[in-house]
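Thanks for asking me to look this one over. Could you open the model and follow along with the points below?

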Amino acid sequence: MSAHIANVKLVTIIAAAELWDRLETELRRLGATGYTFMSVNGRGEHGLRPGGWLLLANVKIETIVSPEVARSIMDHLVREYPTDEVMAYSHDVDALRRR
């Protein structure tokens with residue numbers, strides 16, 4: 001097995017937990033082949049999301065993808081989630097890739 005460094009994008013999405021199934025299906029359809037997700041809580045412009053620490057209030061999804069797939073994901077999120085129910089950002093990362 002060999003390894004190399006790839007210049008790719010890290011896309012991070014924070015959304016209401018009830019959107020998880022829908023977002024996962026959309027990410028796979030848009031070309032993400034893997035992702036990490038976790039339960040998160042926080043405070044923002046609209047205050048704390050109801051639900052408290054013991055209930056799953058928000059989900060944070062991270063996926064490392066090509067720049068083209070990252071653009072497709074971000075464009076899709078802008079079209080499909082025009083309100084504040086989904087927040088997303090992407091940035092360049094150098095990732096260790098194994099073959």
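My notes cover a helix pair and then some aromatic rings.

1. A word on the source: this is a predicted model, where local features need pLDDT of at least 70, side-chain atom pairs count only at pLDDT 80 or more, and totals for chains, interfaces and linings use all residues. Residues are numbered from 1 along each chain as its sequence is written, and side-chain values use heavy atoms, leaving out hydrogens and water.

2. Take helix α1 (residues 20–30) and helix α2 (residues 67–80): their axes come within 10 Å and cross at roughly 140 degrees. Axes are lines fitted to C-alpha atoms over the stretch in contact, and angles run from 0 to 180 degrees between N-to-C directions. The two helices are therefore oblique to each other (angles under 35 degrees count as roughly parallel, over 145 as roughly antiparallel, 65 to 115 as roughly perpendicular and the rest as oblique).

3. Which residues of α1 meet α2? They are R22, L23, E26, L27, R29 and L30, and on the α2 side V69, S72, I73, H76, L77 and E80 (contact means heavy atoms within 4.5 Å).

4. The whole structure holds 3 aromatic pairs (ring centres within 6.5 Å; planes under 30 degrees apart are stacked, over 60 edge-to-face and the rest tilted). Y35 and F37 make a tilted pair, 6.4 Å centre to centre with 45 degrees between the planes.

Technical notes
Helices (H or I, at least four residues) and strands (E, at least two) are DSSP runs, numbered from the N terminus. Rings of Phe, Tyr and Trp (its six-membered ring) pair if their centres lie within 6.5 Å; planes under 30 degrees apart count as stacked, over 60 as edge-to-face and the rest as tilted.
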